[in-house]
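Please read the following account with the sequence and the model side by side. It goes through sheets, helix packing and an aromatic contact in turn.

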Amino acid sequence: MSVATGDPGRQRATRGEFAIAGAVAGFLAGAAVVVVLVRQGMVDTMAAGPGPDVVGVLVLLVGATVTGAACGWVTQPEALPAAVSGGLLFGLLGWICWWLTALPLVLGVSPTWSATQAGEVFPYLIGSILHGGATGVLLYLLVDRLPRKVPVPPPSEGVPPRVLVIGGGFAGVAVARRLERLSARGLRVDVTLVSESNYLLFTPMLAEVASSAIQATHIASPVRASCPLTRFRRGTVDAIDLERRVVQVSASHTGETDHLEYDQLVIALGSEPNYLGLAGVAEHSFSLKSLSDATRLRNHTLTLLDRAEGECDADERRRLLTFVVAGGGFAGVEMAAELFDFVHGVRRYYPVIGPDDPRFVLVHPRDRILPELSTELAAYAQRRLEARGIEFLLGRRVAGAGAGFVILDGQEVVGTETLVWTAGTQPNAALAALAVDKNRAGALKVDATLAVPGVAGLWAAGDCAEVPDLDRDGAPHPPTAQHALREGKALADNIAAVLRGEEPSPFRFRAIGTLVALGRRTAAAEIRGHRFSGLLAWLMWRAIYLGKLPGIEKKVRVLLDWGIEEAFPRDTVVTASAEVGPVEPSAVLS
């Protein structure tokens with residue numbers, strides 16, 4: 001059924017050890033770069049002001065050491081590809097942070113991040129990348145020689161406890177990864193993870209995939225790579241038998257049914273679209289929950305542009321180019337902004353389509369968008385999007401949809417081929433048959449330790465669980481990625497505590513902040529009570545989400561995608577020859 005995680009004969013180094021190795025590697029690689037720069041007569045320009053060349057040398061070596069330490073701390077490289085790609089990424093980031101940002105500020109000049117400014121310091125980009133690559137290689141060689149402690153596993157009899165995790169989202173993968181770490185420290189446990197897809201999807205960037213700003217696979221990390229010591233089963237959960245402690249799973253590639261037994265069960269199945277029983281909406285709308293959803297919407301948009309280019313009737317062309325987004329939360333606002341940028345960014349290739357032909361409408365039942373943000377920031381976001389031409393129908397609801405139209409409350413009909421549905425979600429349908437306490441939406445009610453009361457060995461986290469916030473009188477934690485990641489880690493720690501005969505600990509977490517991208521290098525952010533907007537918030541959005549993207553390889557690929565987007569127009573290749581319109585709900589991955 002599953003395999004034991006961890007290698008009892010070899011334990012990973014700590015983050016501190018990685019950082020120290022990185023600092024040494026960065027210093028040595030920096031010293032080599034210094035030799036090259038001295039011979040080229042370029043070191044004197046590195047000083048923060050007038051002074052001898054030795055100042056420039058010291059500045060470079062300190063920066064190189066810090067860059068190496070950060071690379072070791074973040075990447076934890078125990079494989080050469082990860083070490084080199086991490087070094088290259090930090091070399092590029094170092095060039096951006098120092099040459100394009102910090103140095104101009106030190107010299108009393110405002111950084112512009114323009115092509116002109118980048119061209120002036122372009123020679124140092126080569127040095128930064130070479131330093132980063134050399135740092136990665138040296139870091140790998142040093143890490144490979146770090147001493148490893150050999151933990152003595154506790155005496156036990158029989159097979160290790162079986163932990164079954166169903167759901168490959170943020171919470172489920174976080175549970176598996178944490179159990180792998182605990183296994184390396186001596187915890188005896190067998191872990192199996194079941195998921196419909198074989199990747200962990202970074203959903204905050206799905207809108208950018210739909211708008212062709214990022215390649216689809218660049219925000220998806222293979223589960224087997226994220227949890228290399230965990231047994232992975234790709235399939236759909238059909239039924240959960242809590243009495244027999246068995247989960248019935250249908251294999252994705254064959255459809256064959258298997259029954260997986262467990263001692264501890266973690267339910268992290270996430271959520272799926274909730275169409276609220278509205279007529280025609282499920283059949284004639286696009287959801288935004290999976291890579292296939294985002295790719296389908298992208299291909300559909302490009303197909304509409306092709307159709308509109310050949311349409312002689314102006315009214316029909318405008319109907320084809322009307323895009324309706326239902327829902328004014330983060331997903332809806334970001335999708336509307338990205339669709340706007342996408343369509344207007346590639347319109348140059350469609351000369352028949354005028355600037356006033358595309359229409360973008362966001363429908364939201366409340367009196368303001370982005371209820372997760374403060375009133376001031378939500379108003380700012382709406383003003384910026386309205387100024388660009390996005391219409392807002394607040395206090396309105398989608399009442400139905402059909403082939404080529406959307407019905408709003410009041411029986412107003414909007415002619416459109418595109419309805420993007422972000423107005424409702426619900427827990428996975430597999431939970432409906434479970435005889436446990438649920439909230440009105442169908443999410444499992446758990447206690448503060450993330451255990452389901454009344455059922456031994458049953459746990460839940462993420463979007464399918466209602467987790468009480470002890471610091472807010474038991475009000476539920478919001479279903480966000482930052483909460484799901486930390487819930488998964490805490491849940492794994494509590495499983496380990498139970499297996500050791502200890503008491504589990506209550507989950508506590510205070511949200512770090514919220515961010516929303518508004519397109520065109522604009523965003524809004526609220527971090528621990530501090531509000532940001534405009535270009536600074538956009539840079540924060542990109543930096544924070546890039547840092548949280550799983551895997552150094554994916555970080556590099558997304559960073560390159562962003563760089564290409566700034567220099568070239570977005571891709572207009574339709575990547576699928578099959579049906580690109582909305583599909584039946586059963587075909588939508590949760």
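In what order do the 4 strands of the open sheet stand, and is the pairing parallel or antiparallel? In this predicted model, the order is 13-12-11-17, and the strands pair in the parallel sense. Strand 13 (390-394) and strand 17 (418-421) are the edge strands, each of them pairing on one side only, and from one strand to the next the twist averages 20°. Within this sheet, strand 12, which covers residues 359-364, is joined to strand 13 by 5 bridges in the parallel sense, and H364 stands opposite L394 of strand 13.

A helix packs on this sheet: helix 11, residues 330-346, touches strand 11 (322-326) as well as strand 12, strand 13 and strand 17. The direction of helix 11 makes about 175° with that of strand 12.

Helix 11 also has a helical partner. Two packed helices are described by the angle between their axes and by the distance between those axes. For helix 9 (residues 291-309) and helix 11, the angle is about 40° and the axes are 11 Å apart. Angles from 65 to 115 degrees count as roughly perpendicular and those under 35 as roughly parallel, and helix 9 and helix 11 are therefore oblique to each other. Their crossing is right-handed. On the side of helix 9 the contact is made by L297, R298, T301, L302 and L305, while helix 11 contributes M335, L339, F342, V343 and V346. By class, the residues of this contact between helix 9 and helix 11 divide into 8 nonpolar, 1 polar and 1 charged.

The axes of helix 6 (residues 170-184) and helix 13 (residues 481-499) come within 7 Å and cross at roughly 40°, which makes helix 6 oblique to helix 13. Helix 6 passes helix 13 in a right-handed crossing. Helix 6 brings F170, A171, A174, V175, R178, L179 and L182 to the contact, and helix 13 brings A481, A484, L485, G488, K489, L491, A492, D493 and A496. The contact of helix 6 with helix 13 has 12 nonpolar, 1 polar and 3 charged residues.

Another sheet follows further along the chain. Strands of a sheet pair through backbone hydrogen bonds, either parallel or antiparallel. Here 3 strands form an open sheet in the order 24-25-26, and the pairing is antiparallel. Strand 24 (513-519) and strand 26 (530-534) stand at the edges with a single partner strand each, so one side of each has no neighbour in the sheet. The twist in this sheet averages 5° from one strand to the next. Strand 24 and strand 25 (residues 522-527) run antiparallel and are joined by 6 bridges, with G513 standing opposite I527 of strand 25. Helix 14 lies across strand 24, strand 25 and strand 26, and runs at about 105° to strand 26.

The structure holds 7 aromatic pairs, and one of them is formed by F202 and Y545, with 5.9 Å from centre to centre and 75° between the planes, an edge-to-face arrangement. This pair links distant parts of the chain, since F202 lies in the loop between strand 4 (199-201) and helix 7 (206-210), whereas Y545 belongs to helix 14 (residues 535-548), 343 residues apart.

How values were computed. Residues are numbered from 1 along each chain as its sequence is written. This is a predicted model: local features need pLDDT of at least 70, side-chain atom pairs count only at pLDDT 80 or more; totals for chains, interfaces and linings use all residues. Side-chain values use heavy atoms; hydrogens and water are left out. Two strands pair if DSSP finds at least two bridges between them. Helices (H or I, at least four residues) and strands (E, at least two) are DSSP runs, numbered from the N terminus. Axes are lines fitted to C-alpha atoms, for helices over the stretch in contact, and angles run from 0 to 180 degrees between N-to-C directions. Contact means heavy atoms within 4.5 Å. Angles under 35 degrees count as roughly parallel, over 145 as roughly antiparallel, 65 to 115 as roughly perpendicular and the rest as oblique. A crossing is left-handed if the near helix is turned anticlockwise from the far one by less than a right angle, and right-handed if clockwise. Ala, Val, Leu, Ile, Met, Phe, Trp, Tyr, Cys and Pro count as nonpolar, Asp, Glu, Lys and Arg as charged, and the others, Gly among them, as polar. Rings of Phe, Tyr and Trp (its six-membered ring) pair if their centres lie within 6.5 Å; planes under 30 degrees apart count as stacked, over 60 as edge-to-face and the rest as tilted.
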